[in-house]
Amino acid sequence: MPTPASSPVVVIGAGLAGLAASLRLARDGHPVTLLEAGAAPGGCCASVEVDGFRFNTGAVYMAAPSLLRAGFQRLGLDPERELTLLPVQRPHETHLQDGAVVHLADARTSRVEGPRAAERTAMLRDGLAALQRHWGPVYRTLVAEVLPHPPSPWRALWRLGRYLPRMGGHADALIARFFPDAGLQAAVASTLLYTGLPPERLPATQIIGLIALLEEGFHLPRGGMGAVSAALARRLGQVGVTLRLGARVEHIETADGAVRGVVLAGGERLAAGRVVATCSGFELARRLLPAAAVPRRVARAARRAPLSHRAVSIQLGCSGAAMPSSFVVNHVPDMAHQGLLHQAQPDVPQWLAYTVLTQVQPDLAPAGKSIIELYAPVSGIAHASEWTPAMTRQAVDFHMEALRRRLPGLQIETSRVLDPNDFARQRHLYEGALYGVAPGTAPDRLFPHRTGLRGLYLAGQSTFPGYGAPTAIWSGIHAAEAMLRHEPA
């Protein structure tokens with residue numbers, strides 16, 4: 001049996017972070033064994049075909065494409081050759097209580113239809129332009145000078161320090177400052193629904209999600225989000241990475257303050273002196289490591305880092321209805337009441353948000369048919385296990401009825417539903433939390449890439465605030481490069 005010092009580096013999890021960590025280590029000549037509990041790589045950025053409809057397994061669209069391209073380049077991949085990103089020409093359409101429809105794209109072309117259309121369009125464009133002037137430099141500094149470098153509070157302070165005065169407070173106050181019209185406030189706030197938090201509880205820094213749209217636009221990889229992970233997975237064999245599917249890790253062995261190996265379901269043991277775990281840091285602290293071996297900094301993060309929201313994912317292959325012309329469609333109340341979209345309702349919800357993937361890529365579905373994705377909120381539970389199948393059925397029934405009211409004639413051809421327990425079991429998301437750690441969490445409450453246990457490094461959801469394809473890739477790169485710096489052999 002090989003000794004830990006001579007054995008391959010073991011990477012746990014073949015999502016984007018695990019794929020990136022494996023490729024980065026292999027690029028430096030290190031033998032890597034990549035373990036994936038599921039039947040295919042990709043994790044929450046893959047695609048699956050059902051009855052001719054190509055659904056995502058998690059991530060819905062691509063923001064910050066420049067950060068993605070930089071990550072591919074760091075891994076030795078040509079992003080233009082490996083991946084085609086299709087721009088979302090009509091990203092957001094928000095329906096307001098007064099009948100107005102706000103079309104959000106960029107500061108030049110965004111517009112309002114309905115009551116006071118000309119006046120509101122001018123106000124919307126002026127507000128977006130001012131917001132972009134104010135926050136664009138923050139976004140550009142973040143994606144070019146902060147995120148592609150090893151996480152460091154000192155570097156972040158050095159690069160972003162001049163912008164700190166504008167980064168305090170909450171999103172509702174920030175939005176109100178740039179958009180005095182209540183309807184425009186509701187429309188702008190609706191672009192942040194994906195965070196799972198209402199504007200009054202969302203740190204103002206999360207406006208960066210809207211700035212990403214204004215600066216670079218949203219994109220969808222040709223073939224669906226799975227094209228991103230497929231591009232990385234194609235390179236594994238070329239650089240000598242051994243990918244093992246259906247290999248679930250039961251626990252990580254340690255001795256004398258260092259990693260010694262991993263034990264798989266069924267009892268197989270792999271000697272390993274160096275491990276990158278891209279599963280949840282919570283899972284690492286509470287299941288994969290012996291209690292006495294959990295590093296203090298990891299245990300502290302497991303206590304302090306807040307989990308993101310949970311939801312029921314509803315994916316529909318459908319026909320029959322006239323589809324909206326926009327990618328994301330929101331029907332929302334005023335900004336002060338948008339928290340209702342994050343609470344499970346006892347009846348058919350009045351407010352609704354959904355995404356039409358085939359608006360960008362019609363060929364994801366059979367000819368003349370469409371794909372719609374929506375998320376029904378989960379609330380009122382402390383643990384994923386408290387959510388029952390009956391709750392899922394009710395949430396799905398209510399949201400399907402709400403969708404039919406918005407899209408008369410809608411016919412459901414096929415459907416795919418995942419609830420918090422499915423996300424926990426099938427997607428390995430701790431407690432079914434969609435993003436792992438909640439968006440907007442302070443950096444000092446995140447899990448570290450260097451755990452403090454010799455040979456063990458972390459990547460994935462719990463090492464970055466929020467979750468997205470580019471940041472997931474960079475988390476894997478940073479974990480691998482931390483290992484290369486501190487434990488090169």
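Predicted model: local features only at pLDDT ≥ 70, side-chain atom pairs only at ≥ 80, totals over all residues.
Local features need pLDDT of at least 70 and side-chain atom pairs count only at pLDDT 80 or more, while totals for chains, interfaces and linings use all residues. Residues are numbered from 1 along each chain as its sequence is written, and side-chain values use heavy atoms, without hydrogens and water.

Start with helix H1 (residues 16-27) and helix H9 (residues 226-236). Helices here are DSSP runs (H or I, at least four residues), and strands are E runs of at least two, numbered from the N terminus. The axes of H1 and H9 come within 10 Å and cross at roughly 30°. H1 and H9 are therefore roughly parallel (angles under 35 degrees). Leu 16, Leu 19, Ser 22 and Leu 23 of H1 meet H9 residues including Val 228, Leu 232 and Leu 236. Contact means heavy atoms within 4.5 Å.

Now turn to helix H12 (residues 389-406). Its 18 residues reach 26 Å from first C-alpha to last, close to the 26 Å expected at 1.5 Å a residue. Buried residues (under 20% relative accessible area) of H12 include Val 396, Phe 398, Met 400 and Leu 403. The buried residues of H12 pack against strands S15 (310-319), S17 (352-356), S18 (370-378) and S19 (411-418).

Last, the loop between helix H10 (281-288) and helix H11 (296-304) holds Ala 291. Ala 291 is exposed (over 50%), at 71% relative accessible area. Its C-alpha lies 21 Å from that of Pro 306, 15 residues apart along the chain.

Technical notes. Axes fitted to C-alpha atoms, helices over the stretch in contact; angles between N-to-C directions. Parallel < 35°, antiparallel > 145°, perpendicular 65-115°, else oblique. Expected span 1.5 Å × (residues − 1). Buried < 20%, exposed > 50% of the residue type's maximum accessible area, 1.4 Å probe, protein only.
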